[in-house]
Amino acid sequence: MANTGKIFEQSFKKSVPENVLLYRLPDAAQSFGNNNQLRFSRKNPFDYLMWDSTAHVLYALELKTVQRQSISFERNKDEHGEIHYHQICGLNEWDRYDGITCGFVIEFRDIATTIFIDIKQFNKLMDVVPKKSFRISDLEANDIEYVVIPQRKIRTRYAYDIDGFLKIQNNLIDT
């Protein structure tokens, strides 16, 4: 059976318009010496860099897909969740630079909804929600801003309106 995360990434990648560059950070495993024994692997700060050449905006994105209506996250490196602590730290680090928009693209398969939440809004969520997971209703109840990425089903997979998302997101950046 195929990895649902990889299927989501493939569908997202196929949805990216021609004027947008999408670059997947490599997930290369590291080893010591010339043997095949894995000693450690690099933890990427996020999955993708996406350059919108029309708006001249760079996005640092972590893509997540969950079957449920909620997604868990780690508040520290000793916890276990679907959104990892090092990914939150990585997006916050890159968010310090002007011209870069950082955040999570989260597909909630159970409700056929995909959203983008900026890392600043995610940090606000972590401050106001005491639990270690959230639903879209938690975002709405706590005035956490997010953008719904329109999607349509093509047979068994989805296509995402990335062009429409970028137009909405770039308008938010300009305001």
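Helices (H or I, at least four residues) and strands (E, at least two) are here DSSP runs, numbered from the N terminus. The model is predicted, so local features need pLDDT of at least 70 and side-chain atom pairs count only at pLDDT 80 or more, while totals for chains, interfaces and linings use all residues. Residues are numbered from 1 along each chain as its sequence is written, and side-chain values use heavy atoms, with hydrogens and water left out.

The secondary structure of the chain amounts to five helices and 12 strands. Of its 175 residues, 43% are buried, where buried means under 20% relative accessible area, exposed over 50%, and partly exposed in between (1.4 Å probe, protein chains only). The accessible surface is about 10200 Å², and carbon and sulfur atoms account for 50% of that area; such areas come from the Shrake-Rupley method with a 1.4 Å probe, and for residues only the protein chains shown count as cover. A contact is a case of heavy atoms within 4.5 Å. Among contacts in the chain with a separation of 6 or more, 56% are made by residues 24 or more positions apart.

Strand β4 holds Leu 49. In sequence Leu 49 and Tyr 59 are 10 residues apart, and their C-alpha atoms are 5.6 Å apart in space. Not counting residues up to four places away in sequence, Leu 49 touches Leu 21, Leu 22, Tyr 23, Leu 25, Leu 58, Tyr 59, Ala 60 and Trp 94.

The loop between β4 (48-52) and β5 (57-66) contains His 56. Phi of His 56 is near 60°, a positive value in a residue other than glycine. Asp 143 also has a positive phi, near 55°, and Asp 143 is located in the loop between α4 (136-141) and β10 (147-148). Most residues other than glycine have a negative phi. With a relative accessibility of 55%, His 56 counts as exposed, and Asp 143 is exposed at 60%.

Charged side chains come next. A salt bridge is a side-chain nitrogen of Lys or Arg within 4 Å of a carboxyl oxygen of Asp or Glu, and the structure holds nine of them. One joins the side chains of Glu 9 and Arg 24, at 3.0 Å from N to O. Glu 9 lies in helix α1 (residues 4-15) and Arg 24 in strand β1 (residues 20-24), so this pair ties together parts that are 15 residues apart in sequence. Glu 9 is buried at 9% relative accessible area, whereas Arg 24 is partly exposed at 22%. A network of salt bridges links Glu 9, Arg 24 and Asp 47.

Another salt bridge is formed by the side chains of Glu 62 and Lys 64, at 3.4 Å from N to O. Glu 62 is buried, with 3% relative accessible area, and Lys 64 is buried as well, at 11%.

The side chains of Lys 132 and Glu 79 also meet in a salt bridge, at 2.9 Å from N to O. This pair links distant parts of the chain, 53 residues apart: Lys 132 is in the loop between α3 (119-128) and β9 (133-135), and Glu 79 is in the loop between β6 and α2. Lys 132 is partly exposed at 45% relative accessibility, while Glu 79 is buried at 15%.

Glu 74 is in the loop between β6 (70-72) and α2 (85-94). Glu 74 is buried but has no salt bridge, and the nearest side chain of opposite charge, that of Lys 43, is 7.2 Å away. For charge, Lys and Arg count as positive and Asp and Glu as negative; His and the chain ends are not counted. The side chain of Glu 74 does reach the backbone nitrogen of Tyr 85, at 2.8 Å. Leaving aside neighbours within four places in sequence, the residues in contact with Glu 74 are Glu 79, His 80, Gly 81, Ile 83, His 84, Tyr 85, Ile 88 and Met 126.

Cysteines close the account. A disulfide is a pair of cysteine sulfur atoms within 2.5 Å, and by this rule the count is zero. Cys 89 is partly exposed, with a relative accessible area of 34%, whereas Cys 102 is buried at 0%.

Definitions and conventions: Polar contact = N/O pair within 3.5 Å; in protein donor to acceptor, adjacent residues only side chain to side chain.
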